[in-house]
Structures are given as structure tokens and as C-alpha cells.
Amino acid sequence: ATAPFLVCIQTSIRQAGSIRWVLFDPRVHFYIMAHETGPGQPNGSDASLRLTPVMRQYQELKAKHPDTILFFRIGDFYETFNSDAELVSRELDIVLTSRSKSGDNRIPLAGVPYHAVDGYIAKLVGKGYKIAICDQIEDPKTAKGIVKREIPRIITPGTVIDSAMLPSAAAAYLMALCPQAKGHAWGIALLDITTGEFFVSLVEHDRNLNNLLSEVARYRPAECIVPSTMPEDLLQKFSERSVVVSRFRDEAFSPGYAKKALTSHFHGASLAGFGCEDEPAAIGAAGAALIYAQETQGSPLTHVSSLATRASSQSMMLDAVTLRNLEVKESIRGGTKGATLLSALDLTRTPMGSRLLNRYLTRPLLDTGQIDARLDAVAFFTTRTAVRLTVRSDLMKFADIERIAARISYGNA
């Protein structure tokens, strides 16, 4: 506000029985709501500043999701208040104002236009924050009293489904980690809600957690959910690898509760057909991942239609050190584009093909029959140039069908 070229225009807008004062900052081209009073609230009084109907509604919703940044829809803007506003202002470099300019009633406030909110949310999620989206569920013009609002979804680093918020065509995994009761292994589940890919595996427990960290290096999950009892040193190792760790309620990881959620979702009596019926830790991880994704998205996720079980005997297990030294997905020099095996080989024409190649490189085959079949396919196209060029040309016409189908099922296409 001290910048000499900043011009603020104050005006009043009367809508649905309320008066709002708005500040317009021409440098950043968005509005910041400074004050709102509802019917029956004395304008300017301490009571209206501390506990207006809108702020009471906001506080109730915030209390249900204390670990998120609450984007609260008011008119054409999403507003944040208090510590959320201070964080948003700092992380997004936008103006911070307040509902009261002085005294004990000062409430920090920052907001963005609803039509540009995706870009702001993508930046915050990319930095590891969780965003609760609170929308108006009735028309303010016909609402009697305060406008009803609900939180239809929560966007976390591992549950991003909007194409505008996804940084690349690579898989966006949510990982769930469930310790085996006897402590000999970990049950892990990986769910990509953007495509519906969902699988589980067991990872042998070792003293330095190298096996578990190798899975993190292989799949690069954006977020990992764990039971509340998980030790802090393990969570720190995940955080050091840029994985956002979220504690989730223990009940969701219990094999009985998780199995019930999974069988209900897949409309089956058991999990025998998925290959994990006798693996309680894997079931706990899968159930927790599915429940967490459903609850944050406010959707049954019907496009998640299958669950696979991956055994270590099915492919060569490359540990984190090997993946790094061979520069399979990440360059030793760090951040160097085009300096990895994946980037050198990835001449695929579709996002689906790119994700498949990624899986091939991080989980090399061991079965000679499967290896020969893959080599036969390669030989077919290398010896038939015209066919290869035609197929590549046709593939270029395809969009990301997996993600489009997921968004259609989700209702977000």
C-alpha cells in the first residue's frame, strides 16, 4: 500500500441484503473484500466484526478441516482469513488486507477471483498445501439470510484431478502405508485418481528402510497417508524426498474396515480375485487410500474399477541408489533436463504411452517369455517402417484418454 503507483478505489455494492466494501488494486487485477455485514448486524460494531454470520459460518467450516487452507467463496471471489490469509499472501505474493484496519478486531484477509482460482490452487498444492474449496450452494439473490455454503472437495498433493493443476503427463500417485502387525513388512497402496490405476504390494521391512524408500524413488508419490502412530523419523525421511505426509485416522487402516470399504466399492464378496485376500497390511493400505481419496474428492470414484497386486517376483527390483546412479528418472546433476534414461527413450506420442514406458523402465521384466514377447513387438515395428510411421501418426491424434475418462466419471470433464 506504500507503493507510490498504487491506487485504491473504494465503492459499495449492495447484494442480497448486505453491503460490501471492495478495494481494487490495479497492479494485480483482483479484488479484496474488506468488510461484510449481514441483515440485523450493526455496521461497524465489535459484534459484527468478531462474529458476523459469514465469519461464524467460516469458523465452523474451518474447524472441520483445520489442516487445510480454506478458500471461502463470497460472490465472485474466494477469500481466505486469519493465518490462512497470511500464508496465501506470502506464498502467492498477493496483497494482504484486513476486515478491520486497527485494534483487536483486525482479521487478516486475502482473496482471488473465482475464474482464476485454479492457477493459485495449483501453486499452493505444488508447495505441499491442502486446499478446502468452499462453494455457495444457493443463489445469493434468492437466499434468505446468509448464503448456504459447503465444502464439496479438498485438493491435496496426491488427489489432484484437474488437468490445469497437473504439472505433467506423469502418474500422480497417492501412497498409503500400513505396517504389518508382526512388523516384518509394509503394506503399500498406490492410487492415481487421474487415471484410476490402483495397486498394492508388500515391502520387506529392513533396518534402514531402504526397501520402502526405494518404492518412493520408483513411484514418486506426491503424498503419503499414514496411521497416526507412525514414528516421526520415518515421516521425516519421506518429507526429505519431497513427499507430503498426511496422518489419517487409524480406523481406515484396520484390515476389517478397509476390506469392507474395498468390497463395497468393487461390488464383491471378497478380495480373492485381486490377489490380496490374505495380506492384511496390503488391504489396510488399499482401503485407507480409497477412503481418503473418496472423502477428499466427495466422490465415489467409480472410475477406479480394479485393484492389482504386484509381487516382487514379477519384476526386477531396482533400489533407490540404483535408480539414481543409472539416472533412470532423475539426473545425478539434479534438475538437468534431457539427462535421464527416460527422457532419452521417451519418443512416445501419447501421455498413456509415456506413463507405460516409465513403468517399464522402473520395473524391468524377469520372465523370459514376457521379455521375448516385448522384443518381438519391437522387431515387428523396426522392420516395417511404413506401418510404424502410420501408427505413430495416428497416435498423435489421441488425447490423454485415461485422464479424460477419469474426469468424465468424476464429473469434471
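These legends describe close-up views of a predicted model.

**View 1. Helix H8, residues 280-297.** H8 has 18 residues, and its first and last C-alpha atoms are 26 Å apart, close to the 26 Å expected at 1.5 Å a residue. Of the 18 residues, 15 are buried, so the helix is largely enclosed by the rest of the structure.

**View 2. The largest nonpolar core.** This core holds 32 residues, and Ala189, Phe198, Ile225 and Leu262 have the most contacts inside it. Two or more residues come from each of strands S10 (174-179), S11 (185-192) and S12 (197-204), and from helices H7 (255-266) and H8. H8 gives the most, with 10 residues.

**View 3. The surroundings of Phe198.** Leaving aside residues up to four places away in sequence, Phe198 touches Ala189, Leu190 and Leu191, along with Leu262 and Phe266. Ala286, Ala289 and Leu290 are also among its contacts, as are Val304, Ser306, Leu307 and Ala308.

**View 4. Another nonpolar core.** Apart from the core of 32 residues lies another core, of 22 residues. Phe71, Tyr78, Ile94 and Leu166 are among its members.

**View 5. An open sheet of 6 strands.** The strands follow the order S6-S7-S5-S4-S8-S9, with mixed pairing. S6 (97-98) and S9 (149-155) are the edge strands; each has a single partner strand, so one side of each is left without a neighbour in the sheet.

**View 6. The pairing of S8 and S9.** S8 (residues 131-136) runs antiparallel to S9, and 5 bridges join the two. Gln136 has Arg149 of S9 as its bridge partner.

Notes
Residues are numbered from 1 along each chain as its sequence is written. This is a predicted model: local features need pLDDT of at least 70, side-chain atom pairs count only at pLDDT 80 or more; totals for chains, interfaces and linings use all residues. Side-chain values use heavy atoms; hydrogens and water are left out. Helices (H or I, at least four residues) and strands (E, at least two) are DSSP runs, numbered from the N terminus. The expected span of a helix is 1.5 Å times one less than its number of residues. Buried means under 20% relative accessible area, exposed over 50%, partly exposed in between (1.4 Å probe, protein chains only). Two strands pair if DSSP finds at least two bridges between them. A nonpolar core is a set of buried Ala, Val, Leu, Ile, Met, Phe, Trp, Tyr and Cys residues joined through side-chain atoms within 4.5 Å. Contact means heavy atoms within 4.5 Å.
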